[in-house]
Amino acid sequence: MSEYVPLETDTCPRLLDVKGEQNIKIKYEKYFKKYNKKYFVIFGIFYIMWIIFYKKSLKGGKLAFIKNNLFKLAVLLIISFIFYSLCLWTIAFMRIRKIVKALLYIFMVISLVGAFYYDHGEHFKFQGMYNFMVFCIFIVIFDTLSLILYRWYVFVGLKKFFKQFSIFASFISFIFFFILRRYENVWGVGFLNKKIDDGENLCKVRRPIPWFDLLPVRQNIWTGSESCERKEIFNAYFDSENENKFTIVECPENLPISYVVLPETRTMNFKERKKFALRQSVNKKLDVSVFNYTEPVALPDVEAVLAKCGEHDKLVVRLAGRRVKPAKEPQPKDKLNILLIYIDAMSRRQFFRSLPKTKKLMEKLHKSGKMHLNQFFRYGVVGYNTYANSLGLFAGVQITKGKRGLPIWEDYRNNGYVSGEADDQCEDWDGRYNHRAKVSFDHELLAPFCLPEYHPRTGFITRLFYIFMSFIYKWDIIE
């Protein structure tokens with residue numbers, strides 16, 4: 001029987017295994033540090049590019065610039081969205097601890113909030129609120145779709161993903177194609193299967209691709225453009241070289257020529273001028289004011305004439321001199337030429353944004369010394385709507401039963417000035433809001449805007465906020 005000799009355990013291989021694991025761990029750590037360093041650099045580049053392109057997409061201030069560069073601004077916004085999305089996906093592929101990833105995602109959300117507060121349209125310097133809204137829609141829709149596709153790819157593998165996705169995309173495209181074809185066929189169809197009229201003298205309507213009908217919720221959005229070119233085939237004017245006679249020239253011989261003397265609205269009584277009655281009063285008097293034209297005709301005291309040449313027409317207006325004698329004597333020798341501009345439902349900032357050319361011209365005239373520009377900085381809201389606010393501005397009174405104010409233009413007229421009014425609505429301010437029918441103007445241009453050819457604004461300008469609140473609080477939308 002052999003002598004038992006205990007085996008000695010060799011600890012070196014185990015030590016070698018431990019050292020090998022440590023070396024591998026160190027190599028992995030170095031690799032991940034280098035890997036993450038590269039991704040952090042990429043993340044930083046994407047983040048900076050997002051900020052640059054998003055800021056460039058906010059450029060605005062002038063409405064004309066925005067209209068002319070709308071496509072460019074849209075491209076800049078899309079590029080900024082792509083870089084923001086790349087930032088999110090770069091974080092997702094980083095080999096870092098979960099808490100670090102969470103902090104980076106929080107940082108991206110805070111950056112988005114910062115973009116909102118940088119500009120959200122408050123000062124109208126940029127169009128920030130609109131851009132931010134579209135940007136967030138892009139993030140929610142496209143990044144959600146990207147995440148679904150990525151999870152799909154991870155779940156089934158590359159080959160199956162391409163196969164399944166190709167079948168799904170073909171099926172959806174097939175359905176969308178036939179839906180679009182159907183909507184294209186019914187786009188221009190109205191009641192009784194009648195279609196939009198098309199002719200040489202009619203406005204041209206561009207037929208759009210009705211992609212908006214594919215949306216899950218139907219929206220009232222822009223669907224195309226309409227262009228109308230006015231063809232001037234004749235001319236009409238008051239001829240200063242022929243005793244200011246009304247003259248129509250250059251009308252083709254085969255077309256009938258006529259003219260309509262527009263009635264004086266300033267001399268109508270209160271019943272004729274009251275709310276919703278002025279339009280009917282003007283159009284009733286038009287029936288007896290249509291004349292065939294054969295030669296230049298004298299129209300003393302007439303200030304507005306509608307000339308007609310076949311189906312074409314032209315509005316001709318002029319000032320016919322003082323119409324009302326001043327109430328006070330003696331008259332001042334030096335009189336000012338005062339033009340009071342009042343645009344209802346438009347703030348000062350909106351005026352500067354929407355009418356930059358008008359603003360520039362008014363400032364130019366002021367600097368030239370030909371006129372002095374006075375701004376009503378202290379004019380503010382004193383009531384709920386135009387009724388109360390215009391009474392305060394023009395007559396210095398508030399809404400009180402039986403109380404009427406003296407309009408500022410009548411005060412000037414009583415002191416020797418020639419007064420006149422032009423309004424782009426068929427509405428008499430003094431009759432509707434001040435409840436008077438007194439002749440307080442020498443010149444009043446309202447009748448052209450009461451014609452059937454002029455499409456009036458009806459009811460409120462219903463903003464999205466008003467519509468939304470009508471559903472929340474059951475308000476009635478007034479028409």
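What follows is a walk through the fold, the helix packing, the salt bridges and a few individual residues of this predicted model. Local features are reported at pLDDT of at least 70 and side-chain atom pairs at pLDDT 80 or more, while totals for chains, interfaces and linings use all residues of the predicted model. Residues are numbered from 1 along each chain as its sequence is written, and side-chain values use heavy atoms, with hydrogens and water left out.

Of the 479 residues, 27% are buried. Here buried means under 20% relative accessible area, exposed means over 50%, and partly exposed is in between (1.4 Å probe, protein chains only). The accessible surface is about 35,600 Å², and carbon and sulfur atoms hold 61% of that; the areas come from the Shrake-Rupley method with a 1.4 Å probe, and for residues only the protein chains shown count as cover. Among contacts (heavy atoms within 4.5 Å) with a separation of 6 or more, 60% are between residues 24 or more positions apart.

On to the helices. Two packed helices are described by the angle between their axes and the distance between the axes. For helix H3 (residues 70-92) and helix H4 (residues 98-118), that angle is about 170° and the axes are 10 Å apart. Axes are lines fitted to C-alpha atoms, for helices over the stretch in contact, and angles run from 0 to 180 degrees between N-to-C directions. H3 and H4 are therefore roughly antiparallel; angles over 145 degrees get that label, those under 35 count as roughly parallel, 65 to 115 as roughly perpendicular and the rest as oblique. On the H3 side, Tyr84, Cys87, Leu88, Ile91 and Ala92 do the touching, and they meet Lys101, Leu104, Tyr105, Met108, Val109 and Leu112 of H4.

A nonpolar surface patch is made up of Met133, Ile137, Val140, Ile141, Phe142, Leu145 and Ile148, with about 650 Å² of accessible area together. Patches take residues with over 30% relative accessible area and no salt bridge, joining like charges within 9 Å and nonpolar side chains (Val, Leu, Ile, Met, Phe, Trp, Tyr) within 5 Å. One member, Ile141, sits in helix H5 (residues 128-156) and is partly exposed at 42% relative accessibility.

Next come the salt bridges, each defined as a side-chain nitrogen of Lys or Arg within 4 Å of a carboxyl oxygen of Asp or Glu. The count comes to six. In one of them, Glu232 and Lys314 meet at 3.0 Å, N to O. This pair links distant parts of the chain, 82 residues apart: Glu232 is in the loop between strand S2 (226-227) and strand S3 (235-239), and Lys314 is in strand S8. Glu232 is partly exposed at 49%, whereas Lys314 is buried at 15%. In another salt bridge, the closest N and O atoms of Glu272 and Lys285 are 3.8 Å apart. Glu272 belongs to helix H7 (residues 270-273) and Lys285 to helix H8 (residues 278-286), so the pair ties together parts 13 residues apart in sequence. Both ends count as partly exposed, Glu272 at 23% relative accessibility and Lys285 at 31%.

Glu363 and Lys359 also form a salt bridge, with their closest N and O atoms 3.3 Å apart. Both lie in helix H10 (residues 356-368), four residues or about one turn apart. Glu363 is partly exposed at 32% relative accessibility, as is Lys359 at 26%. Elsewhere, salt bridges with shared partners join Arg273, Asp428 and Glu444 into one network.

A few single residues round out the picture. Asn389, in helix H11 (residues 386-394), is buried at 11% relative accessibility. Beyond its neighbours within four places in sequence, Asn389 contacts Tyr379, Gly380, Val381, Val382, Gly383 and Tyr384. Ile343 is placed in the loop between strand S8 (312-317) and helix H9 (348-354) and is partly exposed at 36% relative accessibility. Not counting residues up to four places away in sequence, Ile343 touches Phe351 and Leu355. Ile343 and Asp423 are 80 residues apart in sequence, with 10.0 Å from C-alpha to C-alpha.

Finally, the backbone. Glu243 has a positive phi of about 60° without being a glycine, and so does Asn244, at about 55°. Glu243 is in the loop between S3 and strand S4 (245-249), and Asn244 also lies between S3 and S4. Glu243 is exposed at 68%, whereas Asn244 is partly exposed at 38%.

Key: Helix = DSSP H or I, 4+ residues; strand = E, 2+ residues; numbered from the N terminus.
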